[in-house]
Amino acid sequence: MINYAITTKERVKSRIEMTATGLDDVIDTWVATATDFIEHACGGRRFKETTYTNELYDGSDLVSNPTRKQFLILRNTPVATVTKIEYKTGLNSSPSWVEYSVNDSDVMPNGVIKISLPGGYQNVRVTYTAGYKIDFANQYN
């Protein structure tokens, strides 16, 4: 069973009122395949809450637009928490990462962070948790 599945073998078996265990491996495969298919059809979006570590983003394009970009749009939503936002200084061969204070930014659940970004490409990295909390053990609580 994959750890990001959007359902479980037990839920499938309950829905079809099945108690036999002979097809458990097949059902696990179907759950994994269906989850992968749905996420791929939705642009590669992961639905189950997941932590994304050091995901890279472009900063401002100060060459064509001398005004600093004020918003960063994260790839995954809804955003539960942002743990760290950093920008790169130094050389690409030996970068230094400087941490923004998370309190210096406004993070919205739709994945938009209001923050003044330095110029550069792939020079901002973010660690955050996004997705839906799926707790099958406590689904009715």
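# Reading the strands, contacts and burial

Author: Let us start with the contacts (heavy atoms within 4.5 Å). In the protein chain, among contacts with a separation of 6 or more, 70% come from residues 24 or more positions apart.

Reader: Before we go on, what kind of model is this, and what pLDDT do its features need?

Author: This is a predicted model, in which local features need pLDDT of at least 70 and side-chain atom pairs count only at pLDDT 80 or more, while totals for chains, interfaces and linings use all residues. Residues are numbered from 1 along each chain as its sequence is written, and side-chain values use heavy atoms, with hydrogens and water left out.

Reader: Thanks! How many helices and strands does the protein chain have?

Author: Both kinds of element are DSSP runs, numbered from the N terminus: helices are H or I over at least four residues, and strands are E over at least two. Here the protein chain has two helices and seven strands. Read from the N terminus, the order is α-α-β-β-β-β-β-β-β.

Reader: Now the sheets. In what order do the four strands of the open sheet stand?

Author: Strands of a sheet pair through backbone hydrogen bonds, either parallel or antiparallel. Two strands count as paired if DSSP finds at least two bridges between them. The four strands here form an open sheet in the order 1-7-3-4, with antiparallel pairing. Strand 1 (50-57) and strand 4 (95-100) are at the edges with a single partner strand each, so one side of each has no neighbour in the sheet. From one strand to the next the twist averages 25 degrees, where axes are lines fitted to C-alpha atoms (for helices, over the stretch in contact) and angles run from 0 to 180 degrees between N-to-C directions.

Reader: Which bridge partners could I look up for strand 7 and its neighbours?

Author: Six bridges pair strand 1 with strand 7 (residues 124-130), and one place to look is Y57, whose partner in strand 7 is V124. Strand 3 (residues 79-90) pairs with strand 7 over seven bridges; there E86 has R125 as its partner. Strand 3 also pairs with strand 4, over six bridges, and I85 is bridged to Y100 in strand 4. Strand 3 and strand 4 form a hairpin with four residues between them.

Reader: What is the order of the open sheet of three strands?

Author: That sheet has the order 2-6-5, again with antiparallel pairing. Its edge strands, strand 2 (71-73) and strand 5 (106-107), each pair on one side only. Strand 5 is joined to strand 6 (residues 112-114) by two bridges, and V107 has I113 as its partner in strand 6.

Reader: Let me try single residues. Is E55 buried or exposed?

Author: E55, in strand 1, has a relative accessible area of 14% and is buried. Its side chain makes a polar contact of 3.4 Å with that of R75. Such a contact is a pair of N or O atoms within 3.5 Å; within protein, one must be able to donate a hydrogen and the other to accept it, and residues adjacent in sequence count only if both atoms are side-chain atoms. Leaving aside neighbours within four places in sequence, the contacts of E55 include N76, V126 and Y128.

Reader: Which backbone nitrogen lies 3.0 Å from a side-chain polar atom of T8?

Author: That of R11. T8 sits in the segment before helix 1 (9-15) and counts as buried at 9% relative accessibility.

Reader: And where is V102 found?

Author: V102 is in the loop between strand 4 and strand 5 and, at 25% relative accessibility, counts as partly exposed. Beyond its neighbours within four places in sequence, V102 is in contact with V82, T83 and K84.

Technical notes:
Buried < 20%, exposed > 50% of the residue type's maximum accessible area, 1.4 Å probe, protein only.
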